[in-house]
Amino acid sequence: MKHCRDGDGMGTVVFIPGYQDTAALWDEVIDRLPTPGWCARAVNLRHVDDAGPPRRGAILEGYRDQVLEVLYINPTAQSPVVVVGQSMGAQVAELVAAARPDIAVGLALISPVPLAGYRLTPEQAARFGHAAHDRTVDSAVANRRALLVNDSARVMQTLVGATLSTPTVVAAQELDAWTAGHPLGDQPSAVRPPVLLIDSEDTFSSAELIRDVVAPRFTDARTVNVSGAGHWPHVEQPAAVTKILDNFLTSLARQPQRPLPNPRPKG
């Protein structure tokens, strides 16, 4: 697997991308992550084969199962797991953590879309629907830039590349998935380990949305802000996000009730 880093038994951090995103968007975070011992894996989500009549949450469950497959084939599958997801990936991440309470020891959600779904305005629905089917560079640039604060050449190249490498059938399915959400999002979360919420200057998954809709569903959640970033803090400000995740992983390892060995000194 390309977008990964091996560890030495501390546990696994699995990274889940968002709408029209790929595992490559996590590379800069994975490369920078200094926390010793952790194995890191970023997952590419595939098209989910529809089996049966449409059901709210079925596609997200299909993505969840794809992530669980990665954990099952990992030789450290029974060691602690921290699940990290951004945007739509945050919905999937919560489902993964809820499905494996035996090993999930932490959950980090970046610019999360509420698990219950995101109700788009008619204008937003038209824009996102068009973006899912328009595979041109100009369209990808315009749609990415609309949600960015840092639109540097590096950021744009990474995000536009992800858009153009996402097949239309996958983009359309992902759009249906994150807007509809999952029924579990209509109630308090089943996730009990610590939850880290990362917000930014994003106007879509806004700080207010995270504070008022996402955070109250968890029993143990704290929020950290990343400045100079819009909807993709891990791409726009990878060093800042890496530092936040490093602190989170270190704090988990220090909790005696968690099945984690003591962290090794850095350096």
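**View 1. Lining of the second largest cavity in the predicted model.** Ala 90, Gln 91, Glu 94, Leu 109, Pro 112, Val 113, Pro 114, Leu 115, Val 214, Arg 217 and Phe 218 line the second largest cavity. The model shown here is predicted. This cavity holds about 50 Å³ of space. Helix α3 (residues 88-99) supplies the largest share of its lining, 3 residues. By class, the lining of the second largest cavity has 8 nonpolar, 1 polar and 2 charged residues.

**View 2. The largest cavity and the residues closest to its centre.** The count comes to 2 cavities of 30 Å³ or more. The largest cavity has about 230 Å³ of space. Its lining takes in 20 residues, of which Tyr 19, Gln 20, Phe 128, Arg 144 and Trp 232 are closest to the centre. Two or more lining residues come from each of α4 (122-133) and α5 (137-145). Helix α5 gives the most, with 4 residues. The lining of the largest cavity divides into 9 nonpolar, 7 polar and 4 charged residues.

**View 3. The pairing of β2 with β3.** Strand β2 (residues 11-16) pairs with strand β3 (residues 38-42) in the parallel sense. The pairing runs over 5 bridges. Val 13 has Ala 40 of β3 as its bridge partner.

**View 4. The packing of α4 against α7.** Helix α4 packs with helix α7 (residues 168-180) at an angle of about 155°. Their axes are 8 Å apart. Angles over 145 degrees count as roughly antiparallel, and α4 and α7 are therefore roughly antiparallel to each other. On the α4 side, Phe 128, Gly 129, Ala 132 and His 133 make the contact. On the α7 side, the contact is made by Thr 168, Ala 171, Ala 172, Leu 175 and Trp 178. The contact residues divide into 6 nonpolar, 3 polar and no charged. Phe 128 of α4 is part of this contact and is also among the residues closest to the centre of the largest cavity.

Conventions. Residues numbered from 1 in each chain as written. Predicted model: local features only at pLDDT ≥ 70, side-chain atom pairs only at ≥ 80, totals over all residues. Heavy atoms only, no water. 1 Å grid on protein atoms, 1.4 Å probe; cavity = no way out; pocket = protein on both sides within 12 Å on 5 of 7 lines; lining within 4 Å. Points joined across faces, edges and corners; volume = space filled by probe spheres on them. Nonpolar A, V, L, I, M, F, W, Y, C, P; charged D, E, K, R; others polar. Pairing = 2+ DSSP bridges. Axes fitted to C-alpha atoms, helices over the stretch in contact; angles between N-to-C directions. Parallel < 35°, antiparallel > 145°, perpendicular 65-115°, else oblique. Contact = heavy atoms within 4.5 Å.
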